[in-house]
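Student: Could we go through this structure together? I would like to begin with how its chain is held together.

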Amino acid sequence: MMNWVFITLGALAAAVGVVLLAVSFIERRQAHELAELGAENQLVASPRTAVVYFSRSGNTALAARHLANRLGARLFALDAPAYRLGPGGLVKALSDANALKSTSEALPDIVPRTLDLSPFDTLWFGSPVWLYSPAPPIWAFVEHNRFDGKEVVLFNTYNSHFGEEHIAALKAKVMARGAKSFTHRHVLRGRMTRQLTPEQMLAEIDKWYPKAEP
């Protein structure tokens with residue numbers, strides 16, 4: 001009986017390992033393919049607008065570059081060393097996705113931790129959705145910065161669903177740090193094996209402008 005238990009557990013562990021490796025492979029390939037898209041040089045035509053984002057596999061990074069180009073905004077990328085591409089980063093991302101928001105000590109280290117946001121009137125915050133919630137690095141950025149008198153727009157790329165309660169909780173944190181307003185934009189990419197193409201995703205983002213452009 002015990003042998004069958006060990007065999008079953010071993011098979012489950014092997015299956016999990018295969019899934020992690022497969023997902024990590026897809027993420028790396030996706031990040032490589034998306035790295036140069038939408039990266040053309042652009043003039044900062046709207047110096048009072050900034051786009052701040054975290055991205056792991058490149059989709060949110062592409063969305064952020066596209067927004068910055070369309071809005072003529074300054075672009076700032078957040079790095080979270082704990083979540084870099086690879087099986088270890090993937091496991092850490094999944095384990096941290098919702099186990100963090102009650103205390104600031106639980107939030108991940110990000111670079112940069114703070115930004116001088118005083119030149120900006122409008123801030124766009126970009127993040128993927130992990131287990132129905134904006135990813136931990138954007139929570140960390142909100143925790144360590146103030147947004148006095150600023151209009152904040154959160155934009156998410158996601159695979160299947162996001163939880164309205166998580167968006168409401170992040171809004172509450174943003175407003176508590178002085179923001180004048182908070183708006184949420186989002187684009188459903190779909191599951192990894194049947195996602196929107198980059199062009200389709202950007203076309204969905206372009207639909208935001210009649211209402212979202214500052």
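Tutor: Let us begin with the contacts, where contact means heavy atoms within 4.5 Å. Of the contacts in the protein chain with a separation of 6 or more, 82% are between residues 24 or more positions apart.

Student: What kind of model is this?

Tutor: This is a predicted model, in which local features need pLDDT of at least 70 and side-chain atom pairs count only at pLDDT 80 or more, while totals for chains, interfaces and linings use all residues. Residues are numbered from 1 along each chain as its sequence is written, and side-chain values use heavy atoms, with hydrogens and water left out.

Student: How many helices and strands are there in the protein chain?

Tutor: The protein chain has seven helices and six strands. Helices (H or I, at least four residues) and strands (E, at least two) are DSSP runs, numbered from the N terminus. Read from the N terminus, the order is α-β-α-β-α-β-β-α-β-α-β-α-α.

Student: And how much of the protein chain counts as buried?

Tutor: Of its 214 residues, 45% count as buried. Buried means under 20% relative accessible area, exposed over 50%, and partly exposed in between (1.4 Å probe, protein chains only).

Student: On to the strands. In which sense do S1 and S2 pair?

Tutor: Strand S1 (residues 49-54) and strand S2 (residues 74-78) pair in the parallel sense, over five bridges. Two strands pair if DSSP finds at least two bridges between them. Tyr53 stands opposite Ala77 in S2. From S1 the chain passes through helix H2 (residues 59-71) to S2, in a right-handed β-α-β crossover.

Student: What does right-handed mean for a crossover?

Tutor: With the strands pointing away from the viewer, the path from the first strand over the helix to the second runs clockwise. S5, H5 and S6 also make a right-handed β-α-β unit.

Student: Which strands does S5 pair with?

Tutor: S5 runs parallel to S3, joined by seven bridges, and parallel to S6, joined by eight bridges. Ser127 stands opposite Asn156 in S5, and Thr157 has Val187 in S6 as its bridge partner.

Student: Why is S5 described as largely enclosed?

Tutor: Seven of the eight residues of strand S5 (residues 151-158) are buried, so the rest of the structure largely encloses this strand.

Student: What about helix H4: mostly covered or mostly open?

Tutor: Helix H4 (residues 136-143) is mostly covered, with seven of its eight residues buried. Among them are Trp139 and Phe141. Phe141 is also in contact with Leu115, which is in the loop between helix H3 (87-96) and S3.

Student: New topic. How many salt bridges does the search find?

Tutor: The search of the whole structure finds eight salt bridges. A salt bridge is a side-chain nitrogen of Lys or Arg within 4 Å of a carboxyl oxygen of Asp or Glu. One of them joins Asp96 and Lys92, whose closest N and O atoms are 3.4 Å apart.

Student: Why are Asp96 and Lys92 separated by about one helical turn?

Tutor: The two are four residues apart in helix H3, so about one helical turn separates them. An α-helix has 3.6 residues a turn, so residues three or four places apart point the same way. Asp96 is buried, at 15% relative accessible area, whereas Lys92 is partly exposed, at 35%.

Student: Which residue does Glu143 form a salt bridge with?

Tutor: Glu143 forms a salt bridge with Lys173, with the closest N and O atoms 3.8 Å apart. Glu143 lies in helix H4 and Lys173 in helix H5, so this pair ties together parts that are 30 residues apart in sequence.

Student: And what is the partner of Glu151?

Tutor: Glu151 meets Lys180 in a salt bridge (3.8 Å, N to O). Glu151 lies in strand S5 and Lys180 in the loop between H5 and S6, so the pair links parts that are 29 residues apart in sequence. Glu151 is partly exposed, at 33% relative accessible area, whereas Lys180 is exposed, at 54%. Elsewhere, salt bridges that share partners join Glu143, Lys173 and Arg177 into one network.

Student: Where does Arg177 lie, and is this residue buried or exposed?

Tutor: Arg177 lies in the loop between helix H5 (164-176) and strand S6 (181-188). Arg177 is buried, with a relative accessible area of 15%.
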